[in-house]
Amino acid sequence: MKIDEIRSKIDKIDRELLVLLQERMGLALRSKKFKTNINDPAREKDLLARAEKLNLDLVESSFTRQLLETIIQESKRLQEEDRMLVAFQGEHGAYGEVASRKLVPAGAYIPCLEFVDVFRGVEEGYLDLGVVPVENSLEGAVTQVNDLLTTTDLNVTGEIKVLVNHSLLATRGTDYREIRMVYSHPQALAQCRSFLLRNNLEPHPFYDTAGAAKMLAREHPKAAAAIASSLCAELYDLDVIKEGIEDGASNSTRFLLLSREPYAGKGDKTSIIFAVPHEAGKLFDVLRLFAEAEINLTRIASMPLRSDPGNYSFFLDFEGSRQDHTIAQVMDEVQKLTIGLKCLGSYPADPMA
Amino acid sequence: MKNLKLASLDTVQQTIIEVGEVAFGRDFVVIAGPCSVESERQTIETARAVKAAGADMLRGGAFKPRTSPYSFQGLGLQGLKILEKAKQETGLPIVTEVLDPRDVSWVAEFADILQIGTRNMQNFSLLKEVGKIQKPVLLKRGMFSTLEEWLNCAEYILSEGNPDVILCERGIRTFENYTRNTLDLSAVPAIKELTHLPIVIDPTHSTGRLSLIGPMSMASVSAGADGLLIEVHHNPGEALCDADQALTPERFENLMQQLRPLRAFMNEMPD
């Protein structure tokens, strides 16, 4: 190995150490939800003793102890900070994390494998808040999330529209002219189709946009790049070759913030879900109430009821708070006409959404 | 001229190439900016200055064809990103040179117009490559080339399917050595007799003398050119390339104030 090669390997290891530390700190914060006291001397002693037993000739036990003590100290400091644990679906750097960072600025952002993990984590109290996508301007409703919303007891306490701004990312020092393969989620690849064609790049489907960025940073495949958010460039130490590579007008995704408690203030937007009896004009009767009260609807969507095929849930978003007198009155009327009316909450509207 | 199936006047009367808010072949288009992109600060400051003075587009090289391999070769991709930022800041479309066929599609992702420099006028593989993209190409005249050779190079680009070629006269080599090159202004009316493609003048490289840039710019307007390509640097003394021929923003602004009325006057002239 030449010095350049050795140095690049060292850089890669350092990067991975830091990414692993980030993961470890996230887990430490999550463990706090199960403990009454941050200090747990027995656990610390056990952890240090086990590490010291490892027989690594270049990592001496005195150094190991010092290093782990520093890490433990830092994770205790983080635990005392009382950061909100904000769950999103996907790997670090996913658009869900971009939305989480905007909705809850100084939080601890916890990646979850599935949407259901976000819902359950918050419902059961292991996580404080959840951020989930409900609809995309090009692709429409995110059915899994809408389905989970029909059954959850969580409240919607905020919303945000995130512009999906795809970037082409590559490991540092990659010559852009040598890039041939591009990894990303099939939807992102589809949204950048003409960019890929223009530059003669081969699309390779991957399970997740941020996952593709993470894979690039870990495995350094030759002549490869990923399509993901520019946040991924910061999190995985990648170069942004080109920003804004999506075809045509940029698309956006609307995310909802979920909490066990309802929004503390009044809010100026409300989301409800209901079903109606399978009879002529029933949906129209409900919508007429909103029209007559001059309440502006911002979203109306229907989704098949999984529990009852042939019947539908309706999702309605409208301007105003359920604390408003008119809206409260309309809601009483809606209650009489519908089956299983559920108010997800009133919350501050994102002016961009 | 033979073999100009697409470039000759038989096909179209006047090619109009819209870029941003202006159109070559309809408006008098002024492209200004530094010889090369040296830093974000230099590029954005110069972009703001030329915009304020009334320029329509920003020029700046990210890839530089230099006589010596040891001279500054340009910032490459970094330079393209800086140009993109300058465009976001000022709204000015970007004109930048491409040297390598492998770079063409990438440069086209950042630039609004791709420039083929005088040394590459007859680089046929490069011409074919820019013929395949959907961005206009500014084709500089080779410093030793006849009009026929030049138009044949335009034909290469047109024949690949790109109809938007802008010609740029930048001076030819003669025995005269007071000026860097000899500006062939007669090329403007001659080109107008031969082709429907718009033609702009580069008074900077053709003269290589600051004092001549103004007069030759005015002469270009009178000759009927469709625009100008001028080097401006916010601090010419610091320039990494061609420092002694870049206008200061102040001198450029003065020139712009003389150019616009002359163009208006020329437009009023009976044919």
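Residues are numbered from 1 along each chain as its sequence is written, while chains are lettered from A and ligands numbered from 1 in the order in which they are written. In this predicted model, local features need pLDDT of at least 70 and side-chain atom pairs count only at pLDDT 80 or more, whereas totals for chains, interfaces and linings use all residues.

Colleague: How many helices and strands are there in chain A?

Modeller: Helices (H or I, at least four residues) and strands (E, at least two) are DSSP runs, numbered from the N terminus. The C-alpha trace of chain A spans about 75 × 60 × 35 Å along its principal axes. Chain A has 12 helices and 15 strands.

Colleague: What share of the 353 residues of chain A count as buried?

Modeller: A residue is buried if 20 or more other C-beta atoms, placed from the backbone, lie within 10 Å of its own, exposed if 12 or fewer, and partly exposed in between. For chain A, the buried share is 34%.

Colleague: Why is chain B described as being as compact as a globular protein of 271 residues?

Modeller: Chain B has nine helices and 10 strands. The radius of gyration is taken over C-alpha atoms, and the globule rule is 2.2 Å times the number of residues to the power 0.38. That rule gives 18 Å for 271 residues, so chain B is as compact as a globular protein of that length, its radius of gyration being close at 17 Å.

Colleague: Which helix of chain B supplies the largest share of the side that touches chain A?

Modeller: Six residues of chain B are in contact (C-beta atoms, placed from the backbone, within 7 Å) with six residues of chain A. On the chain B side, two are nonpolar (Ala, Val, Leu, Ile, Met, Phe, Trp, Tyr, Cys and Pro), three charged (Asp, Glu, Lys and Arg) and one polar (the others, Gly among them). Three residues, the largest share of that side, come from helix H3 (residues 104-110) of chain B.

Colleague: Is the packing of H5(A) and H6(A) roughly parallel or roughly antiparallel?

Modeller: Helix H5 (residues 115-123) and helix H6 (residues 143-151) of chain A pack at about 25°, with axes 9 Å apart. Axes are lines fitted to C-alpha atoms, for helices over the stretch in contact, and angles run from 0 to 180 degrees between N-to-C directions. Angles under 35 degrees count as roughly parallel, over 145 as roughly antiparallel, 65 to 115 as roughly perpendicular and the rest as oblique. H5(A) and H6(A) are therefore roughly parallel.

Definitions and conventions
Contact = placed C-beta atoms within 7 Å.
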